[in-house]
Amino acid sequence: MSDLPKIVEQVRLATDFNVNRQILREKIQTDLHMTHNGGMFRINPELIAFVQGWPIDTLYMEDVYQNPIEIDRQVFLVTAQQHYHRVMNEWHQQHAELRKIRKV
Amino acid sequence: MQNSAKSEKSRGVVIFATNTAETDYVSIAEQNARLIEHFLKLPTTIVSAKDTGSNQRFSTDTGRFVEWKNFGRHEAYEASPYDETIVLDADYLVFDNSLLGLFECSFDYLLFDKNRYVNIDQQASTMGPHSLPYIWATAFLFRKTERSRLFFELVAKIKRNYDYYRLLYNVQEGNFRNDYAFAIAHYILNGNSLATESFAPFHILTVTGAVESITASKNLVLRTPHKGHVLPLANLHIMSKSWLTSPALLLLVDQCLENSTATLVS
């Protein structure tokens with residue numbers, strides 16, 4: 001007897017790690033957005049490093065909507081670091097779980 | 001004595017759902033309202049539009065055209081009892097609170113111009129080869145401002161004169177769609193520009209075609225007739241009306257709410 005139906009069923013249940021990984025990454029990119037003083041920012045290492053290195057406590061930064069937003073450096077830095085850490089931690093955990101899943 | 005305290009603005013979700021002979025959209029909206037209450041902590045109003053029209057859509061479940069009453073999205077401004085409103089299609093299920101953060105931004109209305117299909121190749125992002133970029137009326141946000149009122153009035157005008165606007169903007173598809181009317185109205189209202197500051201910074205996630213099952217744990221595990229997908233717990237636009245109107249939706253929502261409660265307890 002042919003194994004074809006069994007193979008078809010296995011393919012049907014298979015899940016594509018690369019597609020799942022890409023969709024998860026896009027969700028994380030969404031989650032990395034954070035609001036501050038009416039502006040929307042996508043938190044990334046460059047932004048955190050820039051704010052950390054800025055010598056004055058008040059600065060103005062362009063948000064994702066191309067508006068200049070007044071930033072309280074200390075408040076923004078702490079919030080952004082916490083936000084970044086939480087989301088990246090979530091990404092790492094979910095990514096590790098995804099790696100194990102080959103069929104659903 | 002005068003009360004100088006600033007009054008708090010009301011905020012909520014409006015779901016458009018008009019039943020047809022084939023599909024009980026209101027029952028889908030009711031289940032979505034449970035998810036919204038859980039994830040967004042917002043009240044929901046389900047609206048059956050007056051100006052629904054009667055059209056046909058191609059059902060990816062059955063492979064034939066079925067009745068479709070989905071014209072009245074321009075009624076959102078009048079129909080919403082809230083100062084700040086998230087408007088959703090019944091089939092855009094809420095599984096996270098990402099929409100809530102958008103209210104921290106300054107806007108009159110906020111649209112989604114990006115979509116990501118889970119289970120098929122990505123589609124063209126314009127309304128025709130020489131037309132405007134696509135906008136998804138599946139989900140949008142607005143505040144009750146004069147500019148928003150103008151926007152919805154313009155959408156209504158485009159709907160009334162759709163044959164004219166369709167030709168003017170080279171829309172390929174003959175069917176009226178709220179998506180097209182939104183894209184044209186947005187373009188006109190912004191002085192013939194795309195005004196990207198009115199677009200949400202992220203996309204809508206869509207599953208098209210037939211769905212066999214969706215289960216929720218830390219992830220959403222989706223099975224279609226051809227493939228399995230493991231998705232993050234994120235808002236999901238599900239096209240399969242036959243799955244959405246089956247008891248499976250109720251089970252999924254129950255599962256989601258139970259999982260979240262269990263996580264909170266632990």
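**Close-up views of a predicted two-chain model**

**View 1. Pairing of β11 with β12 in chain B.** In this predicted model, β11(B) and strand β12 (residues 219–223) of chain B are joined by 4 bridges in the antiparallel sense. Within this pair, B:I214 lies opposite B:L222 of β12(B). In general, the strands of a sheet pair through backbone hydrogen bonds, in either a parallel or an antiparallel arrangement.

**View 2. The open sheet of chain B.** Three strands of chain B form an open sheet in the order β11-β12-β13, and their pairing is antiparallel. From one strand to the next, the twist averages 20 degrees.

**View 3. Packing of α2 against α4 in chain A.** The axes of α2(A) and α4(A) are 10 Å apart, and the two helices pack at an angle of about 170 degrees. Because angles over 145 degrees count as roughly antiparallel, α2(A) and α4(A) are assigned to that class. The α2(A) side of the contact consists of A:F17, A:N20, A:R21, A:L24, A:I28 and A:D31, which meet A:V87, A:W91, A:Q94, A:H95, A:L98 and A:R99 of α4(A). By residue class, this contact comprises 6 nonpolar, 3 polar and 3 charged residues.

**View 4. Helix α4 of chain A and its buried residues.** With 28 residues, α4(A) reaches 41 Å from its first C-alpha to its last, which is close to the 40 Å expected at 1.5 Å a residue. Its buried residues are A:F76, A:A80 and A:Q94; A:Q94 is also one of the α4(A) residues that meet α2(A). Within chain A, the buried residues of α4(A) pack against α2, β1, α3 (45–53) and β4 (68–72).

**View 5. The contact between chains A and B.** In this view, 24 residues of chain A are in contact with 20 residues of chain B. On the side of chain A that touches chain B, at least two residues are supplied by each of α1 (4–13), α2 (17–31), β1 (33–36) and α4 (73–100). The most is given by α2(A), with 7 residues. The residues on this side of chain A divide into 11 nonpolar, 8 polar and 5 charged.

Conventions. Residues numbered from 1 in each chain as written. Chains lettered and ligands numbered in written order. Predicted model: local features only at pLDDT ≥ 70, side-chain atom pairs only at ≥ 80, totals over all residues. Contact = placed C-beta atoms within 7 Å. Nonpolar A, V, L, I, M, F, W, Y, C, P; charged D, E, K, R; others polar. Expected span 1.5 Å × (residues − 1). Buried ≥ 20, exposed ≤ 12 C-beta atoms within 10 Å, placed from the backbone. Pairing = 2+ DSSP bridges. Axes fitted to C-alpha atoms, helices over the stretch in contact; angles between N-to-C directions. Parallel < 35°, antiparallel > 145°, perpendicular 65-115°, else oblique.
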